[in-house]
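Hello,

Here is the structure you were expecting, with the sequence alongside. My notes follow below it.

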Amino acid sequence: MTRRPALRLSTLRSDLPASLVVFLVALPLCVGVAVASGVPAELGLVTGIVGGLVTGLMPGSSLQVSGPAAGLTVLVLAAVQEHGIATLGVITAAAGLLQLAMGAARLGRLFRAISVSVVQGMLAGIGLILIAGQLYALADIKGPTGGPAKLAGLPGLVVDIAGSGRALAAAAIGAGTIAVLLLWPRLPARVRVVPAPLAAVAGATAVTALFDLPVARIEVAGLAGVVNLPGASDLAALGSLGVLGTAFAFALIASAESLFSAAAVDRLHHGPRTDYDRELLAQGVGNTVCGLLGALPMTAVIVRSAANVQAGARTKASRVLHGVWLLLFAALVPAALSVIPLAALAGVLVHAGAKLVPLRALRPLWRADRGEAGILAVTAIAIVLTNLLEGVLLGLLLAVLKSAWDTSHLQVAITELPDGAVRVTLHGNATFLRLPRLLETLESLEGLPADRPVRLDLAGVRHLDHACRSALEQWQERHNRSGSAELVGLPAKLVDAKGSLSRAG
């Protein structure tokens, strides 16, 4: 009984400084993601606050931290442009309710079965679009909509930057921010106590103020002016298939990103493992609350979560306290945001987007399994050329087809027997995916003389699907008109009295 307060005090001594580190990492990211999503900066802080004070209190994963994520920026921006900012809260709340339903149905663990290549391709596609879009923001230039248009406009962006002093100044601030983020990990440990995003944004802000550079800055209105509870007219938007599809995409991507983040965080510490179903419920509650407040959707964020673990956090108190610090900052000193140049936040997001592209993992993956590397690349390219949901669905389809192809191994061998007969031996899984090769082999035997029977040895067949069974029936029937074909080694229940494959088998 006497040791409990000491234990709590010891835990707080670890969690309190960790919460401050996470707060300093989360602050520029919350603001940057909001601006890149086309919504007021304060809405990113609202989502960060809910991620700490609401989701942070719930069971699931004790050390990962939730908030607005760069991975959903592209999808949120498209939703705001198409449906309006007033509908964003409805979409986010609907996504949260879908997550609650999936968590209640104990579907959390199923997300662990998604192909890693599809997930990496999804993140790579998001990263590429994020980089392409934020390069325009980095120069204070409004970019085109759509991934292909953004990529196609990059050469013209270089010309625009070179011809404008304002754009050149903004680009210099953004490039300097990226340089700080890249060089920060190489600095001495005592310097790296300050989180890299905070140092980069603070440095860019100081340079902008010192030289009075003519660059765009964040516009701040305060929390009371941006929180917008959905009304009846907003709820009516759920009757649109486009809105429902966007909510489904929010729920799917946010759930996958959160649960994959949980798996990554579990590898960083030796504490309690994540309960995936409870974590999905926690994310659902958080997104429902964010939706009711008209804020951005949330996910668990690996950047903040890793910072939390590395700072020595031991319990969920650190992530709850980080939400407290965000609330106090947004309530007491929101005007401090108005001095931050947009180009600096764009630089932070370009750096975050680059981290989503797994360049280091691509070469080893290509050497180990070119099919998986191809799925990664196709998923990423499809997301850039179409949209997030269609790209992910295409990646999942390719992953399923590849898995089916890999498991449907079928070896076909032709042997001439001493009695003049020809034996065709099948070994493995005879599925429709291997049907072309099987038919080519059988059709090559149709010119044999009638006195040379063909024996199909199916003893080594572990699975025979309907397509292959029907093809063998038809070939046997056709070959018996001019020659002789028999089946051997097949289980009796698949063979009728005439030696043909049974259609009912």
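**What was found**

Of the protein's 505 residues, 50% count as buried, meaning under 20% relative accessible area with a 1.4 Å probe and protein chains only. This is a predicted model, in which local features need pLDDT of at least 70 and side-chain atom pairs count only at pLDDT 80 or more, while totals for chains, interfaces and linings use all residues. Residues are numbered from 1 along each chain as its sequence is written, and side-chain values use heavy atoms, with hydrogens and water left out.

The protein has 21 helices and 6 strands (DSSP runs: H or I of at least four residues for helices, E of at least two for strands). Its radius of gyration, taken over C-alpha atoms, is 29 Å, well over the 23 Å from the globule rule for 505 residues, so the protein is more spread out than a compact globule. That rule is 2.2 Å times the number of residues to the power 0.38. Along the principal axes, the C-alpha atoms fill a box of roughly 95 × 70 × 55 Å.

The largest nonpolar core holds 75 residues, and L45 and F250 have the most contacts inside it. Such a core is a set of buried Ala, Val, Leu, Ile, Met, Phe, Trp, Tyr and Cys residues joined through side-chain atoms within 4.5 Å. Beyond its neighbours within four places in sequence, F250 is in contact with residues including L75, L88, I91 and P297 (contact: heavy atoms within 4.5 Å). A second, separate core has 21 residues, among them W475 and L487.

Regards
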